[in-house]
Amino acid sequence: MSQGHRSGLNAVSSALLAMSRQLEVRDVLKTIVASARELLDAEYAALGVPDDHGGFAQFVVDGVSEEQWRAIGPLPRQHGILAAMLHKAEPERLADVREDPRFEGWPSAHPDMSDFLGLPIRYGDETLGALFLANKQCPKPNGGCGFTADDEELLTILAQHAAIALTNARLYERSRELTIAEERSRLAHELHDAVSQKLFSLRLTAQAATALVDRDPARAKGELQQVAVLAAEAADELRAAVVELRPAALDEDGLVATLRTHAHVLDRAHSAEVTFESHAVRALPAAQEEAMLRVAQEALHNALRHSGADRVCVALTRRGAGAVLRVTDDGSGFDPRAIRRAGRHLGLVSMRDRAGGVGGRLTVESEPGKGTTIEMEVPGG
């Protein structure tokens, strides 16, 4: 392995570990590009994920500033060298990409590139994307240097592991979509129960008013006023179902806003009081926010369905570079050791797995008759 490969195997190991830690597809793509550019001492790196219409669904770059990228314009199409990388299995190493007959130029704001190394990222028979490197950063007397056979071999190894990391990330996102669909279904059921209770009360009150209208008009008037109140509450619940029953939009709203909305909806859907508070929380890596949301939802489900609690509090606070989530209820509580011995889990195993999967930890404090506290801490990024 050449001297330019930083610290050899340690650098390769660091790059592979960095890719395996990511769960979001976009994060994996960024890590692959940054790792390839650093490992091979390239000035520029890019990774394109093809769509089904002759273009790229995603195109991630490293070494190009945000302003440069905006000035370059729309995502490239699959043509020339880019298309070749998507339709052949072998790497492509060129001394000067501009002299290749397939070269078709680039936008005016595009940086100038010469030596080039590219190859497809494949998983089985599927081409997941294409990885491109340009401008090897080394002395080039008389136009020498450029990417070497060692570089090509190293990038091939990196691409093989990138395919695994990218496939895992895609599977994770599909699994998350299914989980979100399940959460939506559960929340819809809870809201449906709340609205049904309101409508049942409304019907009984209306029947009472009908029976009283002739013999006690004053009482009938009071019952009809109660009908109006119940109808307004039912309308509010239905509006909440329409407006707020959406997948958890962590990417758009962030963890704090998503948890606040979730607690607000559950507070209206249940007799128990559900509150939320947060203190100085910074944005966390996407996988950590996802895990925290799922743990909060599981803990809330247990508290509202099984504990008989009157109050449930969700708190999110900053701790160092990370955050701590705490879900506390004043319900019946339980003996965690007895739960384990009986082979019951109340979702504790999945919550611990979620916490551990993002480098965090989960603790459970509970006693019969003294409520429960679920705490999850994550390290941040």
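User: Which residues have the most contacts inside the largest nonpolar core?

Analyst: Bear in mind that this is a predicted model. The core in question has 35 residues. Those with the most contacts inside it are Leu259, Met292, Leu316, Leu325, Leu362, Ile374 and Met376.

User: Which element gives the largest share of this core?

Analyst: Several elements give two or more residues to it, among them helix H7 (250–269), helix H8 (286–306) and strand E7 (311–319). The largest share is ten residues, and it comes from H8.

User: What is methionine 292 in contact with, leaving aside its neighbours within four places in sequence?

Analyst: Met292 is one of the residues with the most contacts inside the largest core. Its contacts beyond those neighbours are Leu255, Leu284, Leu316, Ala323, Val324, Leu325, Met376 and Val378.

User: How many residues are in the second, separate core?

Analyst: Ala45, Leu119, Leu128 and Phe147 are included in that one. The second core has 32 residues.

User: Why is one side of strand E2 and of strand E3 left without a neighbour in the sheet?

Analyst: The open sheet has five strands in the order E2-E1-E5-E4-E3, with antiparallel pairing. E2 (56–62) and E3 (92–94) stand at its edges, so each has a single partner strand.

User: Which residue in E5 stands opposite alanine 45?

Analyst: Strand E1 (residues 42–50) and strand E5 (residues 126–136) run antiparallel, joined by six bridges. Opposite alanine 45 stands leucine 133.

User: At what angle does helix H2 run to E2?

Analyst: H2 (residues 25–39) lies across E1, E2, strand E4 (116–123) and E5. Its angle to E2 is about 40°.

Methods:
Residues are numbered from 1 along each chain as its sequence is written. This is a predicted model: local features need pLDDT of at least 70, side-chain atom pairs count only at pLDDT 80 or more; totals for chains, interfaces and linings use all residues. Side-chain values use heavy atoms; hydrogens and water are left out. Two strands pair if DSSP finds at least two bridges between them. Helices (H or I, at least four residues) and strands (E, at least two) are DSSP runs, numbered from the N terminus. Contact means heavy atoms within 4.5 Å. Axes are lines fitted to C-alpha atoms, for helices over the stretch in contact, and angles run from 0 to 180 degrees between N-to-C directions. A nonpolar core is a set of buried Ala, Val, Leu, Ile, Met, Phe, Trp, Tyr and Cys residues joined through side-chain atoms within 4.5 Å. Buried means under 20% relative accessible area, exposed over 50%, partly exposed in between (1.4 Å probe, protein chains only).
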